[in-house]
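Please look at the model first.

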Amino acid sequence: GKVLCKQDIKDASYSEDADEWTAMVVLQFPSVAQAVTWHDSEEYAEAKALRLETSTGQFAIIEGPDFGNYHGFLGAFIKVNDPVAFAKYAPTKTLGAYEARRTYNKVDDLPYAEGLENYDAAVLIAFPQRMGGTGWMTSTEYKPDRDLRLSTTSGPCAIIGTDE
């Protein structure tokens with residue numbers, strides 16, 4: 001695997017309800033199976049013990065597209081408070097103009113998760129650059145869907161990365 005991005009939330013270009021986060025890390029593995037193997041490996045055991053001893057928060061192994069050439073990441077864990085209204089949420093209709101790739105995984109379907117008992121889904125959207133994510137989040141095209149999401153869900157969301 002490799003680290004695609006690691007950043008303090010205070011340096012995020014955008015965040016919502018992310019006060020419980022201090023940092024966000026995005027790793028990529030060739031497959032979900034390899035991510036699970038790494039997580040359970042003897043090589044990671046010492047670092048994992050240190051992470052669990054010194055930090056709290058959410059951790060998820062999610063399946064998604066190849067994000068290897070992307071530098072901006074929106075990460076979110078969401079709780080759907082109004083499923084009927086949320087069913088109308090359609091962010092993918094506006095993501096194409098930002099060359100973004102999105103993965104949405106229900107928590108119950110994740111191969112591994114920590115600290116997600118209060119959430120329904122894990123979301124990761126990759127953008128070529130971080131400011132593309134911020135531009136999408138604040139765009140007039142996405143505003144109706146953003147307003148719908150904000151009124152029907154809760155949970156932390158942040159955009160991190162670089163503008164390389």
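**Pocket, cavity and ring pairs**

The largest pocket has a volume of about 1,200 Å³. The model is predicted: local features need pLDDT of at least 70, side-chain atom pairs count only at pLDDT 80 or more, and totals for chains, interfaces and linings use all residues. Residues are numbered from 1 along each chain as its sequence is written, and side-chain values use heavy atoms, with hydrogens and water left out.

**Largest pocket**

- A pocket is an open set of points on a 1 Å grid over the protein atoms alone, with protein on both sides within 12 Å along at least five of seven lines; lining residues have an atom within 4 Å of a point.
- Grid points are joined across faces, edges and corners, and a volume is the space filled by probe spheres set on the points.
- The lining of the largest pocket has 41 residues, and Val25, Val26, Leu27, Phe59 and Ala60 are the closest to the centre.
- Two or more lining residues come from each of strand 1 (2–8), strand 3 (23–28), helix 1 (32–39), helix 2 (42–54), strand 4 (59–61), strand 5 (72–80) and strand 8 (121–127).
- Helices (H or I, at least four residues) and strands (E, at least two) are DSSP runs, numbered from the N terminus.
- Strand 3 supplies the largest share of this lining, six residues.
- By type, the pocket lining has 25 nonpolar, ten polar and six charged residues.
- Ala, Val, Leu, Ile, Met, Phe, Trp, Tyr, Cys and Pro count as nonpolar, Asp, Glu, Lys and Arg as charged, and the others, Gly among them, as polar.

**Largest cavity**

- The whole structure has one cavity of 30 Å³ or more; a cavity is a set of grid points where a 1.4 Å probe fits but cannot get out.
- The largest cavity holds about 130 Å³ of space.
- Its lining has 15 residues, with Leu74, Ala76, Tyr89, Val123 and Arg149 the closest to the centre.
- Strand 5 gives the most to the cavity lining, three residues.
- The cavity lining divides into 13 nonpolar, no polar and two charged residues.

**Aromatic pairs**

- The whole structure has eleven aromatic pairs.
- Rings of Phe, Tyr and Trp (its six-membered ring) pair if their centres lie within 6.5 Å; planes under 30 degrees apart count as stacked, over 60 as edge-to-face and the rest as tilted.
- Trp21 and Phe77 pair edge-to-face, at 6.0 Å centre to centre and 85° between the planes.
- Trp21 lies in the loop between strand 2 (14–16) and strand 3, while Phe77 is in strand 5, 56 residues apart.
- Trp21 is buried at 10% relative accessibility, and Phe77 is buried at 11%.
- Buried means under 20% relative accessible area, exposed over 50%, partly exposed in between (1.4 Å probe, protein chains only).
- The Phe59 and Tyr112 ring centres are 5.9 Å apart with planes at 75°, so this pair is edge-to-face.
- Phe59 in strand 4 and Tyr112 in strand 7 (residues 112–114) are 53 residues apart.
- Phe59 is buried at 14%, whereas Tyr112 is partly exposed at 26%.
- Phe86, Tyr89, Phe127, Trp136 and Tyr142 are linked by ring pairs into a cluster.

**Charge over a ring**

- The charged end of Arg51 sits over the Phe59 ring, 4.5 Å from its centre.
- The criterion is NZ of Lys or CZ of Arg within 6 Å of the ring centre and within 35 degrees of the ring normal.

**Val32**

- Val32 lies in helix 1 and is partly exposed at 23% relative accessibility.
- Leaving aside neighbours within four places in sequence, Val32 is in contact with Ile61, Ile62, Glu63 and Pro111; contact means heavy atoms within 4.5 Å.
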